[in-house]
Amino acid sequence: MWYVIRTEPGQEESVRRQVRGRLTERYSDDCKVLYRACKKRYLGAWHEETEMFLPGYVFLVAEDEDSGSGWMSLYEKSDERSENEGAFGNDGGLKGREMRPVEKTEAEFLKRITGGKDEIGMSYGVIRDGVLKISRGAMTGMEERVTKIDRHKRKGYIRVRLGDEVRMAEIGLEITEKTDSAGDLPGSEPEKSRVKDDLPRESL
């Protein structure tokens with residue numbers, strides 16, 4: 001089971017260390033800050049780098065429902081205690097932060113694109129007649145999750161549901177080929193996996 005902990009941007013690794021400090025050998029739980037591979041061009045060449053996938057969010061991965069219930073109980077108690085007695089202290093951890101379960105389908109999606117690790121690798125694909133096909137990489141077979149592509153910056157955008165909110169997140173996505181297309185006709189239904197290509201980000 002996956003849970004999401006909301007924190008201030010820049011505090012993610014501090015929260016991860018605090019929570020990991022509470023892990024026990026009884027369960028195979030983990031606390032993750034997710035990163036994504038991306039490509040940036042400088043010095044006349046493209047370079048692969050790593051950036052945070054969802055700034056301000058930390059993920060607690062519980063082994064099972066019993067372990068997850070224990071974490072939720074500990075989280076609820078942390079708000080009932082004084083600052084000095086909080087279950088996770090007042091410097092990072094869960095006290096004063098939001099913690100909520102991630103829906104099963106969304107947790108499976110995150111598990112799949114990370115491959116059980118803490119980083120989402122690059123994806124590579126083509127666009128033929130306006131339809132995206134990802135041939136290799138983290139997002140293979142999940143084209144329908146991509147809502148927009150910026151080919152020039154070699155990245156795509158996906159929506160991730162975290163509790164009762166939906167966040168737009170960037171992924172590394174390189175399009176190696178694109179065929180000409182007349183685009184959708186006015187009033188026509190979009191095809192499966194058809195995405196917005198190279199539109200201004202404000203249009204999302």
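Which residue forms a salt bridge with Arg36? Glu170 does, and the closest N and O atoms are 2.8 Å apart. A salt bridge here is a side-chain nitrogen of Lys or Arg within 4 Å of a carboxyl oxygen of Asp or Glu. This pair links distant parts of the chain, with Arg36 in strand S3 (residues 35-42) and Glu170 in strand S12 (residues 165-178), 134 residues apart. Helices (H or I, at least four residues) and strands (E, at least two) are DSSP runs, numbered from the N terminus.

Before going on, keep in mind that this is a predicted model, where local features need pLDDT of at least 70, side-chain atom pairs count only at pLDDT 80 or more, and totals for chains, interfaces and linings use all residues. Residues are numbered from 1 along each chain as its sequence is written, and side-chain values use heavy atoms, leaving out hydrogens and water.

Let's turn to a sheet. Four strands form an open one in the order S2-S5-S1-S6, with antiparallel pairing; two strands pair if DSSP finds at least two bridges between them. Strands S2 (30-32) and S6 (98-101) stand at the edges with a single partner strand each, so one side of each has no neighbour in the sheet.
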